[in-house]
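Hello,

Here is the structure I said I would pass on. My notes on it follow below the model.

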Amino acid sequence: MAVIHEATLRPGKLEALGAWLPDQPWSGVAAGSAVEQVARFRFDDPAGEVGVETYLVRVGDGPVLHVPLTYRGAPLAGAEAFLVTEMEHSVLGHRWVYDAVGDPVYADVLRRAIATGGHEAELERASGDGTFAKEGAAAGSGTDADSPAIVEVSAHTAGAVTTIDTAHGALVVLRVLGTDGVPAGRTVTAGGASAAPTVVAVLAD
């Protein structure tokens, strides 16, 4: 269960993505383009410290782009190259937002979801008065009982694919969805009301 605060964010998340995506060679997004949310979902950080949220977005009738993010209350050492933005959260204060492929917490929860057949987190209101409606879903294909913890990552991008190397196998994150060339391995698929479930990441172990 992920606890979500009803809060004001400056900049907003789609605004931040609209500023960041044009600088990513794989996105094909031009500066000033309006970014539309197709789906989004969260995974739980077992320690409850890091927000882990995935956006599926598009611009116009372009392809669906896969953008996982992590939200932290302090900078992540050594991850400056993965910083998307800093934002003000009206409840939690100053937040550092990262392209999640450079964050070991994301690699840990993504591997766990794939290996154990996990799924997206339920979203509980911080006020305690219920849950939020789903805006997307994700499901892993594995059947392992557990997944080893990941504490270090090394990420590199080639074309529209980012590979996260870990001590427990490589995680292949597809940035542009619906294209050919999905590598072999166990997978996590994700989608939403306007996007059919599609492979978004592969555990190539």
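Strands β6 (residues 83-89) and β7 run antiparallel and are joined by six bridges. This is a predicted model. The two strands make a hairpin, with three residues between β6 and β7. Within this pairing, leucine 83 sits opposite tyrosine 98 of β7.

β7 also pairs with β5 (residues 65-72), again in the antiparallel sense, over four bridges. Here tyrosine 71 has valine 97 in β7 as its bridge partner.

How far is β7 enclosed by the rest of the structure? The strand covers residues 93-99, and five of its seven residues are buried, so β7 is largely enclosed. Buried here means under 20% relative accessible area.

Next, the region around the helix α1. The peptide bond between arginine 10 and proline 11 is cis, with omega near -5°. Proline 11 belongs to the loop that links β2 (9-10) with α1 (13-20).

Which residues of α1 are buried? They are Lys13, Ala16, Leu17, Gly18 and Trp20. An α-helix has 3.6 residues a turn, so residues three or four places apart point the same way. The buried residues of α1 pack against β2, β3 (36-43), β4 (51-58), β5, β6 and β7.

Now the chain as a whole. Its secondary structure amounts to two helices and 14 strands. The radius of gyration is 16 Å, close to the 17 Å that the globule rule gives for 205 residues, so the chain is as compact as a globular protein of that length. Along the principal axes, the C-alpha trace spans about 40 × 40 × 35 Å.

Of the 205 residues, 46% are buried. Taking contacts between residues at least 6 apart in sequence, 57% join residues at least 24 apart.

Regards

Key: Residues numbered from 1 in each chain as written. Predicted model: local features only at pLDDT ≥ 70, side-chain atom pairs only at ≥ 80, totals over all residues. Heavy atoms only, no water. Rg over C-alpha atoms; globule rule 2.2 N^0.38 Å. Buried < 20%, exposed > 50% of the residue type's maximum accessible area, 1.4 Å probe, protein only. Contact = heavy atoms within 4.5 Å. Pairing = 2+ DSSP bridges.
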